[in-house]
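Trainee: I am new to this structure. Can you show me how to read its features?
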Amino acid sequence: MSQAEGLYRLQEIDLDTARARRRLQEISAALADNEAVQAAQEQVNRARQALTPLQVRSRDLDLEIKSNAEKTKSADERLYSGVVKNPKEMQDLQQEIASLTKWRGELETQLLETIYAIEEAEAALSAAEAALEQAASEQERTRRRLLDERAELNSRLEHNRQRRERVLAELTPESLQVYNTLREKKHNQPAALMEGGTCSVCGVAQNLAVQHQARQGLEFAYCTNCGRVLVPRP
């Protein structure tokens with residue numbers, strides 16, 4: 001392996017390592033992201049909050065209707081018991097019964113409307129709970145997938161570390177200095193393949209002298225345009 005080939009291998013290892021580390025950061029962010037489940041839970045909470053007062057209202061109306069029925073029954077029994085003989089008092093009882101009966105009709109209408117509203121609210125709650133369950137299941141599937149991917153990436157990083165050590169062992173300090181210097185200037189890409197006499201990064205064709213120097217591999221040949229170390233494609 002020539003020094004130029006060593007630089008290119010080191011570059012590929014470092015680029016792959018950087019990609020793996022970026023992906024690990026993305027995975028960490030994704031694992032911490034609970035937004036979909038939280039949104040679904042909030043929808044469930046809102047649905048429950050909408051249902052609860054309707055249920056309370058239904059119970060209150062039911063109790064009021066029962067109370068109304070008892071009052072009506074009591075007034076009706078008093079009216080027809082024979083105890084009340086005063087015409088004015090009898091008329092008042094009749095009016096009370098009529099008023100209670102009318103009010104009971106209104107209460108029953110309100111109860112019916114409330115029951116319909118409860119059914120709609122319960123349906124909305126069921127849908128929200130189903131959406132929450134789906135979101136939680138999807139999050140768990142995603143979590144398992146991301147954990148598997150994270151394990152693979154960590155294994156890849158360890159493999160790259162070992163490969164890097166082997167490549168470094170074959171590079172001279174001077175070559176490594178060239179690599180580090182160009183790496184800072186060339187966006188972590190100090191080397192480029194030479195394909196058919198052309199730099200694969202900037203696309204500029206090299207003169208014959210540069211091509212010959214690159215193929216010999218005795219010393220570094222630099223792209224005449226971008227200045228990267230040229231490595232002949234095998």
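Mentor: Start with a cut-off: buried means under 20% relative accessible area, exposed means over 50%, and partly exposed is in between. Keep in mind that this is a predicted model.

Trainee: Is Thr72 buried or exposed, then?

Mentor: Thr72 has a relative accessible area of 10%. That is under 20%, so Thr72 counts as buried.

Trainee: Where does Thr72 sit, and which residues is Thr72 in contact with beyond its neighbours within four places in sequence?

Mentor: Thr72 belongs to helix α2, residues 35-80. Once neighbours within four places in sequence are set aside, its contacts are Ile97, Leu100 and Thr101. Take Gln94 as well: Thr72 and Gln94 are 22 residues apart in sequence, and their C-alpha atoms are 10.0 Å apart in space.

Trainee: How do I read a salt bridge?

Mentor: Look for a side-chain nitrogen of Lys or Arg within 4 Å of a carboxyl oxygen of Asp or Glu. By this rule the count here is 16 salt bridges. One of them joins Arg164 and Asp14, at 2.6 Å from N to O. This pair links distant parts of the chain: Arg164 is in helix α3, Asp14 is in helix α1 (residues 3-32), and they are 150 residues apart.

Trainee: Which of these two partners is buried and which is partly exposed?

Mentor: Asp14 is buried, at 9% relative accessible area. Arg164 is partly exposed, at 25%. There is also a network of salt bridges, which links Asp14, Arg164 and Arg183.

Trainee: How far apart are the N and O atoms in the salt bridge of Glu138 and Arg141?

Mentor: Their side chains meet at 2.6 Å, N to O. Glu138 and Arg141 are three residues apart in helix α3, so they too are separated by about one helical turn. Both are partly exposed: Glu138 has 39% relative accessibility, and Arg141 has 42%.

Trainee: Which side chain of opposite charge is nearest to Arg228?

Mentor: That is Glu12, 9.9 Å away. A salt bridge needs 4 Å or less, so Arg228 has none, though Arg228 is buried. Arg228 lies in the loop between α5 (208-216) and β3 (229-232). Beyond its neighbours within four places in sequence, Arg228 has contacts including Lys186, Val201 and Tyr222.

Trainee: How do I read the strands?

Mentor: Check direction and bridges. Strand β1 (residues 191-195) runs parallel to β3, with four bridges between them. β1 pairs with strand β2 (residues 198-199) in the antiparallel sense, over two bridges. Met194 shows both pairings: its bridge partner in β3 is Pro232, and in β2 Met194 stands opposite Cys199.

Trainee: Which residues make the nonpolar surface patch of about 280 Å²?

Mentor: Leu112, Ile115 and Tyr116 make that patch. Leu112 is in helix α3, residues 87-170. Leu112 counts as partly exposed, because its relative accessibility is 42%.

Terms used
Residues numbered from 1 in each chain as written. Predicted model: local features only at pLDDT ≥ 70, side-chain atom pairs only at ≥ 80, totals over all residues. Heavy atoms only, no water. Buried < 20%, exposed > 50% of the residue type's maximum accessible area, 1.4 Å probe, protein only. Contact = heavy atoms within 4.5 Å. Lys, Arg positive; Asp, Glu negative; His and termini not counted. Patch = residues over 30% accessible without salt bridge, like charges linked within 9 Å, V, L, I, M, F, W, Y side chains within 5 Å. Areas by Shrake-Rupley, 256 points an atom, 1.4 Å probe, with all protein chains shown as cover. Pairing = 2+ DSSP bridges.
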